[in-house]
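Here are a few friendly notes to read with the structure open beside you. Take the points one at a time and find each place as you go.

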Amino acid sequence: MADIAFLLLLFFLVTTTIETDAGLDRALPRKQKEPPIIDYQKKNILRVVLDKEGGLMVNEELVDVKDLREKVSGFIDNGGATADEEGYCTYCKGNADPSASDNPKKAIVAVNTHRETSYGAYITVQNELVAAYNQLRNREALGVFKMTYTAMEEAYQQPETSSAEKKELKRKIKHIQQLYPLNILEPEQL
Amino acid sequence: MSKFAKKKSGELPAVSTASLPDIVFMLLFFFMTVTVMKNSDVKVENTLPNASEIKKLEKKDRVITIYVGAPTKEFQKVFGTESKIQLNDKFADAGDVGDYILMERAKKPQELQNVLTTSLKVDKNANMGLIADIKQELRKVNALKVNYTTYEGDAFNNLK
């Protein structure tokens, strides 16, 4: 009896500590004395504005949140630069629209919010942005390494992965991240 | 033969209560372990938003948590219903976040001090203004790794 009790006790002990927190990781920009001058062309920036009623505007156009993922991934993966231009994107599968981004490295998503925008709506937008990037990264990783990007990241965090494997995974993850860098900009609030 | 026949007859034996103390102790231990887990009680409403593209936070000793949300019922009389920041056990302004981060950072062992993540546990009804202020403060003290802690789920539920 006591053995069983202890067994159950241990079971609860282990299961309750397993519960970990999860969320969206984001790196804030470094604090600079002078604001950096961005000499980007307008077509390389996707302006996402979330107003206080939860309305969403992408490049001055009202958009439903459900369509945001498609819009963003289409914009990043556009590959507008032509083959003879500098910055031609060899791995992009977008529509090569000359009025959208040149290549994923140049593409910037600028998210602007209002002071009264609700945090929930903001997280939804952030989630969709990450989803759009993950979708492209997964596609690319599956093509090059036969493994999705998210699976690689998960494997990297597993404690049972050996350090040699981790090194290899890190290299692959870096490679994919370099192809589709997460360029999310958050300008001053409206 | 008669011996066996005797055993068969008779009512159902009473349920043994010999294991009751064990069970009680077990429950006691269970609740003890669960309550120890929360080291500061949250004084703000803290319904986190949902997100699907989430990543697990790193080890717990590398995380500094900031709670944001409207004060719970018992604190509303004193602090009002506007969203507030909770650092440790106290309500604070956005201006106190920097000091808090520096203090918490100093408590951590040296080798962890520059790999710390700030976990923002923000109620989904909080305003973005406060979050922007917090982010500015975090940038001032160079705490650049941020995790918007969420529940796993469909992100579109946040809009309802």
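1. Which residue in E2(B) is the bridge partner of A:Ala22? The partner is B:Lys56. Please keep in mind throughout that you are looking at a predicted model. This bridge belongs to a pairing between two chains: strand E1 of chain A, residues 22-27, and E2(B) run in the antiparallel sense and are joined over two bridges.

2. Now step back to the whole contact between the chains. Chain A brings 43 residues to the contact and chain B brings 44. On the side of chain B that touches chain A, the elements giving two or more residues are helices H2 (20-37) and H5 (128-140), together with strands E2 (55-56), E6 (117-122) and E7 (145-152), all of chain B. Sorted by class, this side of chain B has 22 nonpolar residues, 11 polar ones and 11 charged ones.

3. Next, turn to a pair of helices inside chain A. Two packed helices are described by the angle between their axes and by the distance between the axes. Helix H3 of chain A (residues 119-145) packs against helix H5 of chain A (residues 163-179) at an angle of about 130°, and their axes are 10 Å apart.

4. Which residues meet where H3(A) and H5(A) touch? From H3(A) come A:Arg137, A:Glu140, A:Ala141 and A:Phe145, and they meet A:Lys172, A:Ile176 and A:Leu179 of H5(A). By class, this contact has four nonpolar residues and three charged ones, with no polar residue.

5. Finally, have a look at two backbone angles. Most residues other than glycine have a negative phi. A:Asn59 is not a glycine, yet its phi is positive, near 50°. You will find A:Asn59 in the loop between strand E3 (56-58) and helix H2 (68-76) of chain A. Is A:Asn59 buried, exposed or partly exposed? A residue needs 20 or more neighbours to be buried and 12 or fewer to be exposed; A:Asn59 has 16 C-beta neighbours inside 10 Å, so it counts as partly exposed.

6. A:Ala96 also has a positive phi, of about 50°, without being a glycine. Its place is the loop between H2 and strand E4 (108-113) of chain A. Because A:Ala96 has 16 C-beta neighbours inside 10 Å, it counts as partly exposed.

Notes
Residues are numbered from 1 along each chain as its sequence is written. Chains are lettered from A and ligands numbered from 1 in the order in which they are written. This is a predicted model: local features need pLDDT of at least 70, side-chain atom pairs count only at pLDDT 80 or more; totals for chains, interfaces and linings use all residues. Two residues are in contact if their C-beta atoms, placed from the backbone, lie within 7 Å. Helices (H or I, at least four residues) and strands (E, at least two) are DSSP runs, numbered from the N terminus. Ala, Val, Leu, Ile, Met, Phe, Trp, Tyr, Cys and Pro count as nonpolar, Asp, Glu, Lys and Arg as charged, and the others, Gly among them, as polar. Two strands pair if DSSP finds at least two bridges between them. Axes are lines fitted to C-alpha atoms, for helices over the stretch in contact, and angles run from 0 to 180 degrees between N-to-C directions.
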